[in-house]
Amino acid sequence: MRRARALFAVLLIAAAGSVGACDGSQPLIKRAAKRPDPFPAADRPVASIVSSRWSNEEERDRLNEAGAVMDGARIEPGMTVADIGAGEGYYTIRLAARVGENGRVLAEDIMPATRDALAERVARQRLENVSVRLGLPADPRLPANSFDRVLMVHMYHEIAQPYEFLWRMRPALRRDGLVVVVDADRSTQNHGTPPALLRCEFEAVGYRQVGFEKMPSAGGYLATFRAEGPRPAPDAIRPCRLATR
C-alpha cells in the first residue's frame with residue numbers, strides 16, 4: 001500500500017511539472033469555432049416578458065374574448081390545436097372545451113414555473129385532451145404534421161428570433177393548418193406588432209396571410225397564415241426592414 005501511495009505521489013509531481021511547462025497561451029485541444037447563426041436577426045425591438053397574465057379571466061370572458069378568437073380562427077370539435085405561450089391557461093382551458101374529447105390541445109410555454117403551474121391546473125381540472133410542454137425561445141418544439149391550428153395570442157412581439165421560430169414551427173402544421181396570431185396594432189417595444197410587419201416576417205419564411213380582422217374584444221386584431229411552397233433555407237431568409245412606429 002505504501003509503495004502504491006509513493007508511486008501515486010511521483011505521478012502527481014510529474015503531472016504538475018508537465019502542466020507547469022505549458023505557458024497557457026494556446027489551448028491543448030483545438031475546438032471548432034462556433035458556427036454563426038444561419039437565421040437573420042429581427043430588425044425591430046423585442047418586448048420583454050412581463051407577466052403570464054394580462055387581465056383576469058372573468059373580465060376577458062365578459063368580453064367574449066376567447067369565443068371571438070376561436071370563432072375567427074374557425075376552431076371546431078375534433079381539431080388539434082397548439083396554444084403557444086399558453087401562460088396560465090386562459091385559452092388552453094377554453095380550447096379544450098371547444099375541440100372536445102375527440103380533439104387535442106398542446107399548451108406550450110418557455111417558462112418552467114409557468115409550465116408547471118399550468119400542468120397542475122390541467123391535472124386538477126382533469127382535462128384529458130390537453131398536454132403541456134416546455135418550449136424554447138426560438139423553437140416551440142412541436143411535433144411534425146400534427147396541428148390544424150397554432151394559436152399565438154399577445155406573445156408574438158416577445159419572440160426575439162422570429163424567423164427561426166417561424167421556420168421551426170412550419171413542419172408542425174397539417175396540410176390545411178393555419179397559424180392564428182392575435183396582437184395589438186402598435187410597436188413591438190410597446191407589446192404589439194404592426195400588421196404590415198407581422199405579414200412581412202411571416203412571408204419571409206414562406207407563409208401567406210389568408211385572413212385579417214380587427215378584434216377589439218381581444219385587444220387588437222386577428223391574423224391567419226398558411227404555409228405555402230417549400231420552406232426556405234435559413235440563410236436565404238431576407239429580414240424585413242419596416243418602420244415599427
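Contact, in these legends, means heavy atoms within 4.5 Å. Helices (H or I, at least four residues) and strands (E, at least two) are DSSP runs numbered from the N terminus. This is a predicted model, in which local features need pLDDT of at least 70 and side-chain atom pairs count only at pLDDT 80 or more, while totals for chains, interfaces and linings use all residues. Residues are numbered from 1 along each chain as its sequence is written, and side-chain values use heavy atoms, with hydrogens and water left out.

**Figure 1. The whole chain, to get your bearings.**
Welcome to a protein chain with 7 helices and 7 strands. The chain has 245 residues, and 44% of them count as buried; buried means under 20% relative accessible area, exposed means over 50%, and partly exposed lies in between (1.4 Å probe, protein chains only). Take the contacts between residues at least 6 apart in sequence: 74% of these join residues at least 24 apart.

**Figure 2. Helix H6 and what surrounds it.**
Here we look at H6, which spans residues 162-169. Of its 8 residues, 7 are buried, so H6 is mostly covered. The buried ones are Pro162, Tyr163, Glu164, Phe165, Leu166, Trp167 and Met169. What lies over them? The cover includes strands E1 (80-84), E4 (147-153), E5 (173-183) and E6 (207-215), together with helix H7.

**Figure 3. Helix H6 meets helix H7.**
Two packed helices are described by the angle between their axes and the distance between the axes. For H6 and H7 (residues 195-204), the axes come within 9 Å and cross at roughly 55 degrees. Such axes are lines fitted to C-alpha atoms, for helices over the stretch in contact, with angles running from 0 to 180 degrees between N-to-C directions. H6 and H7 are therefore oblique to each other; angles under 35 degrees count as roughly parallel, over 145 as roughly antiparallel, 65 to 115 as roughly perpendicular and the rest as oblique. The crossing of H6 past H7 is right-handed, a term for the near helix being turned clockwise from the far one by less than a right angle, with anticlockwise giving left-handed. On the H6 side, Pro162, Tyr163 and Leu166 take part, and they meet Glu201, Phe202 and Ala204 of H7. These contact residues divide into 5 nonpolar, no polar and 1 charged. In this grouping, Ala, Val, Leu, Ile, Met, Phe, Trp, Tyr, Cys and Pro count as nonpolar, Asp, Glu, Lys and Arg as charged, and the others, Gly among them, as polar.

How many disulfides does a search of the whole structure find? The search finds 1, a disulfide being a pair of cysteine sulfur atoms within 2.5 Å. This one joins Cys200 to Cys240, with an S to S distance of 2.1 Å. The link connects distant parts of the chain, 40 residues apart: Cys200 sits in helix H7, and Cys240 in the segment after strand E7 (220-227). About the S-S bond, the torsion is about -105 degrees, so the disulfide is left-handed. Cys200 is partly exposed at 22% relative accessibility, whereas Cys240 is buried at 3%.

**Figure 4. Helix H3 beside helix H4.**
H3 (residues 65-72) and H4 (residues 90-99) have axes that come within 10 Å and cross at roughly 55 degrees. That makes H3 oblique to H4, and H3 passes H4 in a right-handed crossing. Glu65, Ala66, Gly67, Val69, Met70 and Asp71 of H3 meet Tyr90, Tyr91, Arg94, Leu95 and Arg98 of H4. The residues of this contact divide into 6 nonpolar, 1 polar and 4 charged. Because 7 of its 8 residues are buried, H3 is largely enclosed by the rest of the structure. The cover over those buried residues includes H2, H4, E4, E5, E6 and E7.

**Figure 5. Residues with a positive phi.**
Asn64 lies in the loop between helix H2 (57-62) and H3, and has a positive phi of about 60 degrees although it is not a glycine. Asn64 is partly exposed, with a relative accessible area of 44%. Its C-alpha atom is separated by 6.8 Å from that of Ser217, 153 residues apart along the chain. Arg74, which follows H3, has a positive phi near 55 degrees. Finally, visit Asn145 in the loop between strand E3 (130-134) and E4. Asn145 is not a glycine, yet its phi is positive at about 50 degrees, and this residue is exposed with a relative accessible area of 52%.
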